[in-house]
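I opened the model today and kept notes as I went. Each entry covers one thing I looked up.

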There are 2 protein chains.
Amino acid sequence: MYQPVKAEIISIGDELLYGQILDTNSKWLSEEMDKIGVRVVRKTTVGDDKESILQAFMAASQKAAIVLMTGGLGPTKDDLTKNILADFFGSQLTLFPKALEDVRSLFESRGKELTATNRNQAYLPANCQYIHNAVGTAPGMWFEEQGTIWMSMPGVPYEMKYLMEKAVIPRLKEKFTLPVIYHKLVKTVGIGESWLSDIISAWEDQLPSHIRLAYLPSLGEVKLRLTGFGDDQESITREVDEQIDRLLPLIEPYVYGFNHDTLPSAIGHLLAQRGKTVALAESCSGGYISHLITGIPGSSEYFNGAVVPYHNAFKAAVLGLSEDMLDSKGAVSEETVIEMAKQVRLKFNADYGLSSSGISGPGGGTSTKPVGLVWIACDDGHSCHTRKLQLTKDRTVNIHLTAVAALNLLRETVIQKSD
Amino acid sequence: MYQPVKAEIISIGDELLYGQILDTNSKWLSEEMDKIGVRVVRKTTVGDDKESILQAFMAASQKAAIVLMTGGLGPTKDDLTKNILADFFGSQLTLFPKALEDVRSLFESRGKELTATNRNQAYLPANCQYIHNAVGTAPGMWFEEQGTIWMSMPGVPYEMKYLMEKAVIPRLKEKFTLPVIYHKLVKTVGIGESWLSDIISAWEDQLPSHIRLAYLPSLGEVKLRLTGFGDDQESITREVDEQIDRLLPLIEPYVYGFNHDTLPSAIGHLLAQRGKTVALAESCSGGYISHLITGIPGSSEYFNGAVVPYHNAFKAAVLGLSEDMLDSKGAVSEETVIEMAKQVRLKFNADYGLSSSGISGPGGGTSTKPVGLVWIACDDGHSCHTRKLQLTKDRTVNIHLTAVAALNLLRETVIQKSD
């Protein structure tokens with residue numbers, strides 16, 4: 001049987017041991033290794049402490065062909081990793097002129113002068129291959145020692161991801177003969193994990209053993225990941241795709257996309273494709289839906305703008321809602337979200353108007369309008385679709401679930417109008 | 001010097017290694033240990049694999065006085081922990097009648113019959129102390145072997161937390177003489193880690209050995225964490241607070257808060273305290289600043305609302321900017337953000353108007369207005385403060401850094417107006 005290439009992940013930092021930071025890096029690294037067929041066999045977290053870091057290196061060297069390290073590389077003095085790596089490999093810190101050049105030009109591009117502390121960041125163990133970090137000052141370091149690859153990266157998530165995507169993953173694919181793996185994600189919204197599982201259980205039972213299914217639920221969404229293992233890319237890809245062709249008719253209303261699609265990117269694609277535009281009136285979601293939409297590059301093509309009439313006094317004044325209606329029906333009502341969606345569509349001359357109003361909590365609830373009650377509406381110029389949600393007691397969760405539900409309502413409205 | 005009691009955390013489960021689950025348990029455990037003065041020295045994550053689990057036990061036994069284990073205890077066959085614990089301690093699985101009784105009554109209370117699989121959950125290593133898990137079927141197991149406490153708990157977060165709070169933490173406090181620890185976080189914005197480090201290095205050097213400093217940088221912010229160790233709560237609290245009193249004058253312009261304060265919560269506090277309000281005109285930040293502000297409970301007290309005139313056509317129409325100025329100066333210009341801040345302040349009848357306009361990227365840059373160029377402005381009714389930023393090539397990072405800089409500009413404006 002195929003023996004997978006093994007990897008270890010070592011996360012360095014007192015802040016991880018003291019629980020001040022949630023280690024999302026090692027989860028991301030695990031997922032990326034899984035995607036290329038590398039088996040993560042252990043994760044270790046140690047503090048900014050020489051002995052512990054050395055022990056972790058020692059243990060890793062006995063187990064893995066790849067060791068991915070994050071953290072302990074910033075410019076301040078509590079960062080030790082670089083020195084310990086030099087010791088561990090019997091090497092010493094040397095000035096890497098290219099590293100100095102890179103950190104200097106980063107500072108210049110930001111109109112700042114290089115400090116002595118940052119200058120020190122260009123000193124690296126002599127036996128490493130320097131890897132340029134274009135998005136920060138801490139460099140990447142790649143070592144090949146006794147058949148093991150060691151990669152040291154900063155702990156700042158986007159810097160770590162940059163180095164992995166630009167350098168580490170391509171290099172690992174070159175160095176090792178990795179198995180043929182094909183992943184495909186099917187992304188659903190508007191249905192819970194257990195309902196989904198009930199609908200697709202017969203399909204799931206007929207999957208061959210070399211195709212695995214995983215449910216990856218997150219707030220308001222469930223991703224289904226199919227993973228095929230084989231030794232021929234073409235046949236495993238075809239097999240997985242055929243299984244997905246059988247799956248889709250079962251869950252079609254809930255599927256908004258595949259793989260890297262997100263709900264905002266999928267909606268952006270739908271709107272751009274049709275040459276349509278949207279405008280938002282966000283009350284309880286407070287700008288979050290706009291933020292999700294504008295996170296997508298090129299969103300100015302279909303996103304005209306938004307109004308966040310947060311304080312009730314401005315729902316009438318800024319959006320032109322009727323004060324009588326607000327008085328009689330209240331800000332959190334079907335009538336109000338309908339008017340908000342309509343008015344904002346007209347104001348921004350858009351094809352669709354999307355609105356939200358609700359009680360996010362923790363305060364502000366009443367017996368008839370409890371915390372978690374939210375109304376959303378989508379106006380397409382001909383009719384207005386509304387939905388009433390009863391969410392949770394948690395403000396952050398409610399804001400997120402409101403955004404997911406509103407984006408899904410927009411998605412459904414756009415598709416129904418044009419299919 | 002005081003030697004802290006050391007703990008290790010071992011998380012067991014293939015799903016953690018493959019990146020399907022984010023390990024929030026070990027962060028929570030770290031925080032709880034930190035609160036009672038136990039020093040977590042290592043966290044290890046291993047899969048559902050006998051050899052790896054044994055290795056982790058072996059390594060932990062050499063290092064820690066307390067070993068907290070989560071996962072690998074459910075009713076299904078890939079759960080090995082219990083058997084491996086029995087092997088490791090040279091013990092064997094035995095029926096614990098009290099455990100059987102407890103799992104049976106849990107099933108009865110849910111109107112279900114005990115299955116054979118769940119019956120097996122009452123077999124535990126003979127040398128353990130059984131600890132009742134009232135919220136699930138997997139029991140807690142407490143071992144005392146050769147001066148080390150071993151505690152095995154299920155991986156389901158609320159079950160693990162139940163066992164920790166009800167049994168483990170009280171027992172640990174009885175078993176060990178724990179030190180007095182006092183943490184304080186000082187939160188800064190608008191200054192990079194290396195500049196901060198340069199400014200405070202003399203102060204840092206004079207810290208006594210029982211007070212430690214850590215830099216915790218994140219995008220646009222740096223947190224400084226002081227941790228004092230001692231045996232008297234009052235004196236260590238006073239000592240740390242005195243050190244902070246010496247620190248603050250050095251970095252006063254950058255400090256926005258302490259401990260759980262966030263930049264949006266600190267600004268909310270400033271505004272609420274003064275009875276002032278703010279309104280936003282967000283172009284390149286696309287609603288993100290509004291989202292950050294409205295994430296704080298009670299923000300409707302000081303946040304009147306926002307306009308996101310994303311498409312250029314609506315900067316004039318919705319906010320009432322002069323088309324001539326937009327034509328001659330462009331949407332990304334000091335003149336435009338000044339007008340945006342002023343107009344939105346008037347529109348929402350607010351004390352402060354805050355605005356952003358820039359090129360988030362990846363597209364849309366020109367040679368004179370490259371990707372990452374952002375203008376922000378804050379109008380207080382008397383004058384308008386502006387700032388020009390040259391950020392990165394990364395859209396997500398640019399949106400975040402714009403928000404941090406704009407919130408900081410608002411903070412500075414509010415403070416200057418009233419101090």
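**Entry 1**

I started at Gln146(A), which lies in the loop between β7 (140-145) and β8 (148-153) of chain A. I kept in mind that this is a predicted model. The phi of Gln146(A) is near 45°, a positive value in a residue other than glycine. Most residues other than glycine have a negative phi. Is Gln146(A) buried or exposed? I found 6 C-beta neighbours inside 10 Å, so Gln146(A) counts as exposed.

In chain B I looked up Asn259(B), which has a positive phi of about 45° and is not a glycine. Asn259(B) sits in the loop between β12 and α10 (263-274) of chain B. Asn259(B) is exposed, because 11 other C-beta atoms lie within 10 Å and the cut-off for exposed is 12 or fewer.

**Entry 2: cis peptide bonds**

Next I checked omega. Gly361(A) and Pro362(A) are joined by a cis peptide bond, with omega about 0°. I placed Pro362(A) in the loop between β15 (352-358) and β16 (373-379) of chain A. In chain B, the bond from Gly361(B) to Pro362(B) is cis, with omega near 0°. Pro362(B) lies in the loop between β15 (352-358) and β16 (373-379) of chain B. Most peptide bonds are trans.

**Entry 3: domains of chain A**

I noted the division of chain A into domain 1 (6-175), domain 2 (180-258) and domain 3 (263-418). The centres of domain 1 and domain 2 of chain A, taken over C-alpha atoms, are separated by 35 Å.

**Entry 4: the four-stranded sheets**

In chain A I traced an open sheet of four strands, ordered β10-β11-β9-β12, with antiparallel pairing. Neighbouring strands are turned by 20° against each other on average, direction ignored. Three bridges link β9 (residues 180-189) of chain A to β12(A) in the antiparallel sense. Val186(A) has Phe258(A) as its bridge partner in β12(A). Helix α9 (residues 233-251) of chain A packs on the sheet and touches β9, β10, β11 (221-230) and β12 of chain A. The direction of α9 makes about 15° with that of β9(A).

Then I turned to chain B. Its open sheet of four strands has the order β10-β11-β9-β12, with antiparallel pairing. Which strands of chain B stand at the edges? They are β10 (211-218) and β12 (255-258), each with a single partner strand, so one side of each has no neighbour in the sheet. The twist averages 20° from one strand to the next. Thr188(B) has Val255(B) as its bridge partner in β12(B).

**Entry 5: where the chains meet**

I looked at the contacts between the chains. Chain B puts 63 residues in contact with 64 residues of chain A. On the chain B side, strand β2 (residues 39-46) gives the most, with seven residues. By class, that side has 27 nonpolar, 25 polar and eleven charged residues. Strand β2 (residues 39-46) of chain A runs antiparallel to β2(B), joined by five bridges. Arg42(A) has Val46(B) as its bridge partner.

**Entry 6: nonpolar cores**

I finished with the cores. The largest nonpolar core has 126 residues, and Val278(A), Leu410(A), Val278(B) and Leu410(B) touch the most other members. Among the residues that Val278(A) touches are Leu271(A), Tyr302(A), Phe303(A) and Leu410(A). A second, separate core of 42 residues includes Ile12(A), Met33(A), Val40(A) and Ala122(A).

Terms used: Residues are numbered from 1 along each chain as its sequence is written. Chains are lettered from A and ligands numbered from 1 in the order in which they are written. This is a predicted model: local features need pLDDT of at least 70, side-chain atom pairs count only at pLDDT 80 or more; totals for chains, interfaces and linings use all residues. Two strands pair if DSSP finds at least two bridges between them. Helices (H or I, at least four residues) and strands (E, at least two) are DSSP runs, numbered from the N terminus. Axes are lines fitted to C-alpha atoms, for helices over the stretch in contact, and angles run from 0 to 180 degrees between N-to-C directions. A nonpolar core is a set of buried Ala, Val, Leu, Ile, Met, Phe, Trp, Tyr and Cys residues joined through C-beta atoms within 7 Å. A residue is buried if 20 or more other C-beta atoms lie within 10 Å of its own, exposed if 12 or fewer, and partly exposed in between; C-beta atoms are placed from the backbone. Two residues are in contact if their C-beta atoms, placed from the backbone, lie within 7 Å. Ala, Val, Leu, Ile, Met, Phe, Trp, Tyr, Cys and Pro count as nonpolar, Asp, Glu, Lys and Arg as charged, and the others, Gly among them, as polar. Domain bounds come from an automatic or database domain assignment. Lists of a residue's contacts leave out its neighbours within four places in sequence.
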